[in-house]
Amino acid sequence: MKNGMFPFLIMGLFISCDENESSTIAKNSESELSTRVTTISGAVQKGPFINGTNINIFELENDLSQTGNIFTTTIDNGQGSFEVDNIELASNYVNLQANGFYFNEVLGIKSAAPIILNAVSQLSEEEDQSLVNVNILSQLEKDRVEYLIEEGSTFEEAKTQAQNEIFAIFGFNNSDVSPSELLDISQSGGNNAKLLAVSIILQGYRTEAEMAELIANISLDIKEDGVLNNISLGSQLVNHIGYLDLEGIRQNLINRYGEFGIEADIPSFEEYVQAFLESNLYETTATLIDYPEITSPAPSFISSINLLDLERTEYSRGENMSLAATLNNSGASVKIKITALHDLGQELLCTYPNELNDWVAGTYDSQTMSQTFTTKTSGENCNIWFQMRSLGNYLIEYYEMSSYATPTKTKTITLVE
């Protein structure tokens, strides 16, 4: 009887093998059928990334783990745009990673070091070409999106929630959210303006390493709950804002795109930067430039009253005076303009030693009765002995950081006997 069952066991074994093989063939066929050739295009923006930026395109599984397929390209222009044709994919999910130098919109110069930005995106199933822009927002949301998908959210739900949460950090209205990979700082629109505002706030006057660290710390902080719990990170966001020259930033971007024949429609980011500054969501904990009350400038080394002290508005002609600025940031600089608001007669605006040490004095303008003094070395404290002789009122204008078009601070002082 045992021998009689043996053929049936053999037959069952072959049937099982055939079924497994058929299943494998079916899966392979299904995989092959789902593979498609597509084109991915877009722009990499902080400010716009520059020629030579490397872009890796990682194909992803539904859980956003990598399949192992990688495609590469390089930006070959100055406006940050790219296009990759004939990519063969079996998945609709990709992660674009850009590594390169970029145009610093705050300073109006190219970055001194490269940074890395990512964008996780779901490609269109209906179209042969997909737009995937890589930017600050797509980088900030990446860890949060991956965490939400691990917790059971769909891709669309995770992207929308993460972007709403990031906008909330900056106090922005979250209505009518567009996916981060569709946003563009060179085009008008509310969401584009929010993206540019976030980019500018994070940049501030930070080095590339300082900005990258801040972005990484915020991404890690919000990963599991979508809330910025570390208040010191919030303070870092507001510490630089008051020094930003928003008009200058707009012109920097217009000029940069104009170099490549592009008439950019820069969105109205100013209102969002200003709204964040006025929101009082976080406390300012540090300044980039301070003006001490008492100083000991060279060459006198005698304690002197600082004319730039923001709290004081009346000075005596017999006092020892100085012009002093404490620069707390490696890129900090300031230009001071002093204008007499009364007729000087034969008097000079002010007198100071022939050797100015830390300041560069502009030529005295007898028509406007004004003169400028600019810090000589960025990031180094500046302090000189200074004297004003003519009694009366003076306007002091402070042009801080790169804000040399309009003053960031002003005060009027009176010189008395």
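At what angle do the axes of helix 2 and helix 4 cross, and within what distance do they come?

Modeller: First, a caution. This is a predicted model. The average pLDDT over the protein is 88, and 90% of the residues score at least 70. The stretch 1-33 falls below 50, and apart from near neighbours in sequence it makes 0 contacts in the model.

Now the two helices. Helix 2 covers residues 136-150, and helix 4 covers residues 190-203. Their axes come within 9 Å and cross at roughly 80 degrees. An angle from 65 to 115 degrees counts as roughly perpendicular, so helix 2 and helix 4 are roughly perpendicular to each other.

Look at who touches whom. Helix 2 brings Ile136, Leu137 and Leu140 to the contact. Helix 4 brings Leu195, Val198, Ser199 and Leu202. Sort the residues of this contact by type and you get 6 nonpolar, 1 polar and no charged.

Is Leu196 buried or exposed? Its relative accessible area is 0%. Buried means under 20%, so Leu196 is buried. What does Leu196 touch, once its neighbours within four places in sequence are left aside? Its contacts are Ile185, Leu253, Ile266, Pro267 and Phe269. Leu196 and Asp184 are 12 residues apart in sequence, and their C-alpha atoms are 8.3 Å apart in space.

Helix 3 leads us to a sheet. Helix 3 spans residues 155-169 and lies across strand 5 and strand 8. Against strand 8, helix 3 runs at about 135 degrees. Both strands belong to an open sheet of 4 strands, in the order 3-2-5-8, with antiparallel pairing. Strand 3 and strand 8 (115-122) are the edge strands, and each pairs on one side only. On average, neighbouring strands of this sheet are turned by 20 degrees against each other, direction ignored.

Take strand 2, residues 54-60, as the strand to follow. Of its 7 residues, 5 are buried, so the strand is mostly covered. Strand 2 runs antiparallel to strand 3 (residues 66-74), and 6 bridges join the two. Asn54 has Thr74 as its bridge partner in strand 3. Strand 2 and strand 3 form a hairpin, with 5 residues between them. In the turn, Leu64 has a positive phi of about 70 degrees. Strand 2 also runs antiparallel to strand 5 (residues 93-100), joined by 7 bridges. There, Glu59 has Val94 as its bridge partner.

Inside it, strand 15 (residues 334-340) and strand 19 (residues 392-400) run antiparallel, joined by 7 bridges. Tyr398 of strand 19 is the bridge partner of Ile336.

Back to your question, in short. The axes of helix 2 and helix 4 cross at roughly 80 degrees and come within 9 Å.

Note on methods
Residues are numbered from 1 along each chain as its sequence is written. This is a predicted model: local features need pLDDT of at least 70, side-chain atom pairs count only at pLDDT 80 or more; totals for chains, interfaces and linings use all residues. Side-chain values use heavy atoms; hydrogens and water are left out. Two strands pair if DSSP finds at least two bridges between them. pLDDT is the predictor's confidence in each residue, from 0 to 100. Contact means heavy atoms within 4.5 Å. Buried means under 20% relative accessible area, exposed over 50%, partly exposed in between (1.4 Å probe, protein chains only). Axes are lines fitted to C-alpha atoms, for helices over the stretch in contact, and angles run from 0 to 180 degrees between N-to-C directions. Angles under 35 degrees count as roughly parallel, over 145 as roughly antiparallel, 65 to 115 as roughly perpendicular and the rest as oblique. Ala, Val, Leu, Ile, Met, Phe, Trp, Tyr, Cys and Pro count as nonpolar, Asp, Glu, Lys and Arg as charged, and the others, Gly among them, as polar.
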